[in-house]
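Subject: The structure for you to look through

Dear colleague,

I am passing on the structure we talked about, and below it you will find my notes, written so that you can follow them with the model open beside you. Please take your time and look up each residue as it comes.

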Amino acid sequence: MARKTYLIHARIIDGVSEQAVEDGILVFQSGQTAQKGGREDKILFVGDMKDYPAFPSEVTGADTVLDLTGYTLTPGLYNVHGHIGLTMPYKSYRFDEMGVAYRSLVMLRRACEALNCGITTVRSAGGPDNIDYAIRDAVDNEMMMASRIVPCGALNIAVGGHAWNNYISTMYNGADQFRAAARAELAKGAQFIKIGLTGGAASANEGMADKQMTDEEIEAVVEVAHSAGKRVAAHLGGDKPIQEFVKLGGDSVEHAYHMEWETACLMKERGTFLVPTLSVTNCHHYLVGHGSPEFQVRKLDETGEAHSQSIGNAIRAGVTICVGTDLLPSDPIDGTNATVREMELLVRAGLTPMQAIKAATSNSARLTDTIGFTGTLEAGKEGDFIAVKGAPDKQISDMRNLSLVAKGCRLIWSSVPGLVLRRYNTGFPGMELAGGTYLKW
């Protein structure tokens with residue numbers, strides 16, 4: 001039988017409104033239906049306490065009431081450029097260090113870690129061996145509790161292109177090969193096709209803005225994806241390649257290390273999404289600590305200032321910004337996780353705290369076409385939400401004060417007085433989910 005939970009006296013950021021509700025209530029129900037295996041998990045009401053007169057008269061002894069005075073509720077966070085199969089450091093040669101079986105377990109673990117950090121949805125921005133599809137299906141079929149996965153499949157690059165030396169990529173030459181590769185990923189259920197259009201920091205012999213795919217190859221991928229109602233995301237470092245990608249119908253620009261004002265305006269005009277991943281050019285100590293080669297650390301360090309200016313151009317132009325990190329969503333970095341750190345860096349680049357929260361929730365939900373059932377706090381939605389102590393729409397660093405995580409109206413963990421649940425509810429009893437590489441041989 002479904003039971004109701006009343007979260008009362010909370011500040012509420014619903015991902016839609018421009019202002020927080022200062023004295024809010026969120027009511028949800030969860031539990032089994034009469035039908036075997038069925039559930040009734042959904043949000044029933046979100047809004048101001050004064051607009052829900054049924055409280056407390058309708059509360060029964062089977063229901064839960066939790067006072068969230070001093071806390072803010074937001075939709076569950078997104079990370080739409082996460083590599084849950086990431087291995088560090090990058091090597092100068094292509095080698096399957098983990099093997100398929102072990103990598104599958106590592107990627108599953110990282111999907112659980114992401115949920116533990118309040119990241120309820122991850123777009124897997126390029127991964128090998130169909131593992132992101134398998135994790136998506138396992139989570140959707142409730143075999144396990146972890147972040148929702150929106151898969152891109154493998155990162156499709158030109159021969160010798162960006163990340164050729166990393167196991168996440170697959171290499172092709174010519175429009176026909178790229179067209180066939182896109183069709184193959186769509187057949188597996190890809191929500192996006194991810195391409196490596198320019199160079200980056202993955203190898204020594206490529207520039208950050210080098211164009212590595214032809215227009216014909218890009219057009220082939222865009223045509224195939226759009227014909228299936230899906231989108232194309234592109235690793236992009238340089239201003240001119242960004243312009244060309246947008247004009248060719250590309251949907252999601254990843255990184256934008258170097259982007260001028262005119263290009264940002266073009267993105268706004270065409271409705272192109274931007275996933276800045278500022279984290280990856282602002283993580284010197286992380287890179288050094290993970291043994292990254294000197295050329296990679298230097299490239300990313302040297303790009304940091306231009307990257308921030310480029311994202312500032314996009315913010316001023318009104319481009320739709322989403323949150324992704326290019327690191328593990330749960331990676332410990334600068335005293336928090338990479339996803340929250342990305343939100344802080346976006347505020348430093350020019351977003352307001354409220355805009356940064358929307359970038360990590362409703363904007364990213366629109367990008368991933370999940371806005372119909374999650375990404376905002378609205379009646380009828382599935383109920384992915386978090387609680388943080390403080391007012392993150394006024395001070396974004398309050399996002400560090402994570403105190404409760406729920407996915408699909410199921411409480412994952414809570415440290416809120418009156419409802420303390422240990423952080424062990426995502427399939428790993430007795431183990432802290434704090435991030436890690438798991439490559440100690």
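Where is the place of Pro 56? Pro 56 sits in the loop between β3 and β4. Before going further, please keep in mind that this is a predicted model, and that every value below was computed from it.

The peptide bond that leads from Phe 55 to Pro 56 is cis, with an omega near 5°. Most peptide bonds are trans, and most residues other than glycine have a negative phi. Two residues are worth a look on that second point. Ala 256, which is not a glycine, has a positive phi of about 55°; Ala 256 lies in the loop between β13 (252-255) and α6 (261-270) and is buried, with a relative accessible area of 0%. Asp 334 is not a glycine either, and has a positive phi of about 50°; its place is the loop between β16 (332-333) and β17 (336-337), where Asp 334 is partly exposed, at a relative accessible area of 43%.

Aromatic rings

Searching the whole structure gives four aromatic pairs, and I describe two of them here. One of the pairs is formed by Tyr 6 and Phe 55, with 5.6 Å from centre to centre and 40° between the planes, so that the pair counts as tilted. This pair links distant parts of the chain, since Tyr 6 belongs to strand β1 (residues 3-12) while Phe 55 is in the loop between β3 (42-48) and β4 (64-67), 49 residues apart. Tyr 6 and Phe 55 are both buried. Another tilted pair is that of Phe 45 and Tyr 52, at 4.7 Å centre to centre and with 40° between the planes. Phe 45 counts as buried because its relative accessible area is 18%, which is under 20%, and Tyr 52 is buried as well, at 14% relative accessibility.

Charged side chains also lie over rings: Arg 123 is placed over the face of Phe 192, at 4.5 Å from the ring centre, and Lys 389 over the face of Tyr 71, at 4.7 Å from the ring centre.

Is Glu 18 buried or exposed? Glu 18 is exposed, with a relative accessible area of 58%, and its place is the loop between β1 and β2 (21-30). If we leave aside neighbours within four places in sequence, Glu 18 is in contact with Met 354 and Lys 358, and a polar contact of 2.8 Å joins the side chains of Glu 18 and Lys 358. Between Glu 18 and Ala 365 there are 347 residues in sequence and 17 Å in space, from C-alpha to C-alpha.

Ala 365 leads us on to Thr 368, for the backbone oxygen of Ala 365 lies 3.3 Å from a polar atom of the Thr 368 side chain. Thr 368 is in the loop between α11 (362-367) and β18 (385-389), and at 2% relative accessibility Thr 368 is buried. Not counting residues up to four places away in sequence, Thr 368 touches Tyr 78, Val 80, Arg 123, Val 150, Phe 192 and Arg 231.

Helix α1 and the cysteines

Helix α1 (residues 100-116) has 17 residues and reaches 24 Å from its first C-alpha to its last, close to the 24 Å expected at 1.5 Å a residue. Among its buried residues are Arg 103, Val 106, Met 107, Arg 110 and Cys 112. The elements that cover the buried residues of α1 include β7 (119-124), α2 (131-140), β8 (148-151), β19 (402-407) and β20 (410-416). The helix is followed by Gly 118, whose phi is positive, near 85°.

How many disulfides does the structure hold? The structure holds zero disulfides. For Cys 117, the nearest cysteine sulfur is that of Cys 112, 12 Å away, and Cys 117 counts as buried at 13% relative accessibility. For Cys 283, the nearest cysteine sulfur is that of Cys 117, 17 Å away, and Cys 283 is buried too, with a relative accessible area of 4%.

Key
Residues are numbered from 1 along each chain as its sequence is written. This is a predicted model: local features need pLDDT of at least 70, side-chain atom pairs count only at pLDDT 80 or more; totals for chains, interfaces and linings use all residues. Side-chain values use heavy atoms; hydrogens and water are left out. Rings of Phe, Tyr and Trp (its six-membered ring) pair if their centres lie within 6.5 Å; planes under 30 degrees apart count as stacked, over 60 as edge-to-face and the rest as tilted. Helices (H or I, at least four residues) and strands (E, at least two) are DSSP runs, numbered from the N terminus. Buried means under 20% relative accessible area, exposed over 50%, partly exposed in between (1.4 Å probe, protein chains only). A charge sits over a ring if NZ of Lys or CZ of Arg is within 6 Å of the ring centre and within 35 degrees of the ring normal. Contact means heavy atoms within 4.5 Å. A polar contact is a pair of N or O atoms within 3.5 Å; within protein, one must be able to donate a hydrogen and the other to accept it, and residues adjacent in sequence count only if both atoms are side-chain atoms. A disulfide is a pair of cysteine sulfur atoms within 2.5 Å. The expected span of a helix is 1.5 Å times one less than its number of residues.
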